[in-house]
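Subject: Structure handover

Hello,

Here is the structure for you to look over. My notes follow below it.

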Amino acid sequence: MLTALYVGLRFAHFATLMVAFGCTLYAGWWAPIALRRLLVQRFFRLLRGSLVLSVLTAMLMLMAQGGLMGDGWSDTWRPEVWQAVVQTHFGSVWLWQIVLAWVALGVAWVQPRQMMRRLLLLCVAQFILLAGVGHAAMSDGALGVLQRVNHAIHLLCAGAWVGGLIPFLYCLRLAKGRWRQPAIATMMRFSRYGHLAVAGAIVSGVVNAWLIQGGFTTATSYGLALWVKCGFVALMVVVALANRYLLVPRMSMASERVARIFLWTTQAEIILGALVLASVSLFATWEPF
């Protein structure tokens with residue numbers, strides 16, 4: 001049961017960080033200047049909620065890790081166990097994850113100038129830190145550095161791809177009104193960078209599989225789960241390509257039917273992304289061998 005809680009917290013933490021990353025990418029970089037203020041206003045509640053959940057899940061994951069390392073539920077509430085966890089490699093990295101999550105929430109609360117760009121940098125830093133825990137941190141030396149760098153690239157590419165889909169839906173709605181031109185420009189910029197994000201996620205994912213277990217295999221539970229993840233990713237790629245190269249060229253025809261299909265396929269891509277994240281959160285607690 002404690003393991004299930006940890007898996008759920010891991011899923012929620014990654015999901016909220018991806019949503020925050022997507023919102024800050026749009027409002028801090030991809031959108032034209034004329035549209036950024038509107039996006040900041042519209043994304044703010046979603047962004048602040050995501051950052052609150054990011055803080056809570058980060059702290060609860062440290063507590064749950066104490067229970068997993070100790071004697072179960074009773075050790076999740078003991079400060080001395082938390083201190084012991086902090087002394088481990090996971091804990092030393094995760095402590096900074098918690099600190100950065102709090103800093104990001106503070107920035108969202110104070111709302112300084114260039115808030116979205118500051119939050120964007122903090123999200124990037126948190127993804128880089130996440131590459132320092134789990135199976136990506138299993139090697140030392142030069143190989144360990146390569147593994148962490150590759151995993152950081154994988155997380156950033158996946159975060160830009162999946163995290164950018166929810167703000168994309170909002171821009172899709174804006175494209176029907178007076179913000180049509182800047183909204184379309186924003187979506188096209190997401191599409192261009194999305195190609196790089198998809199390619200980067202796939203290539204770095206293959207490298208991850210090779211570094212962790214020497215390639216793809218069905219001989220272990222971890223290997224089978226990895227194939228399931230690959231299946232979901234492949235479906236996401238098919239949907240993304242269909243959206244970009246079959247539906248987008250027909251959008252100029254102003255067909256309501258095409259617009260509805262485009263909305264449904266984008267929502268399906270989000271669901272597939274959630275399934276990928278759920279599978280990763282689950283098998284990250286398994287041994288790869």
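In which helix is Gln126 found? Gln126 sits in helix H5. Helices here are DSSP runs (H or I, at least four residues), strands are E runs of at least two, and both are numbered from the N terminus.

Before going on, two notes on the basis. This is a predicted model, where local features need pLDDT of at least 70, side-chain atom pairs count only at pLDDT 80 or more, and totals for chains, interfaces and linings use all residues. Residues are numbered from 1 along each chain as its sequence is written, and side-chain values use heavy atoms, with hydrogens and water left out.

Gln126 is buried, at 0% relative accessible area. The classes are buried under 20%, exposed over 50% and partly exposed in between, using a 1.4 Å probe and protein chains only. Leaving out residues up to four places away in sequence, Gln126 touches Leu17, Ser54, Gln97, Leu100, Ala101 and Ala104. Contact means heavy atoms within 4.5 Å.

Thr16 is in helix H1. Thr16 is buried, with 8% relative accessibility. A polar atom of its side chain lies 2.9 Å from the backbone oxygen of His13. That is a polar contact: N or O atoms within 3.5 Å, one able to donate a hydrogen and the other to accept it within protein, with residues adjacent in sequence counted only if both atoms are side-chain atoms. Beyond four places in sequence, Thr16 touches Ser50, Leu53 and Ser54.

Val40 belongs to helix H2 (residues 33-69). Val40 is partly exposed, at 24%. Its contacts, apart from neighbours within four places, are Ala27, Met115 and Met116. Val40 and Gly28 are 12 residues apart in sequence and 8.5 Å apart in space, C-alpha to C-alpha.

The H4-H5 loop

Gln111 lies in the loop between helix H4 (89-110) and helix H5 (115-130). Gln114 lies in the loop between H4 and H5 too. Most residues other than glycine have a negative phi. Gln111 has a positive phi of about 55°. Gln114 also has a positive phi of about 55°. Gln111 is partly exposed, at 46% relative accessibility.

Cys157 is in no disulfide either; its nearest cysteine sulfur, in Cys123, is 15 Å away. Cys23 is buried at 0% relative accessibility. Cys157 is buried at 14%.

The second largest pocket

This pocket holds about 700 Å³ of space. On a 1 Å grid over the protein atoms alone, a pocket is an open set of points where a 1.4 Å probe fits, with protein on both sides within 12 Å along at least five of seven lines; lining residues have an atom within 4 Å of a point. Grid points join across faces, edges and corners, and the volume is the space filled by probe spheres set on them.

The lining has 35 residues, with His154, Gly205, Lys229, Val276 and Val280 nearest the centre. Elements giving two or more residues are helix H1 (2-30), helix H6 (141-163), helix H8 (180-213), helix H9 (221-251) and helix H10 (256-283). The lining residues divide into 26 nonpolar, seven polar and two charged. Nonpolar covers Ala, Val, Leu, Ile, Met, Phe, Trp, Tyr, Cys and Pro; charged covers Asp, Glu, Lys and Arg; the others, Gly among them, are polar.

Best wishes

Key:
Disulfide = S-S within 2.5 Å.
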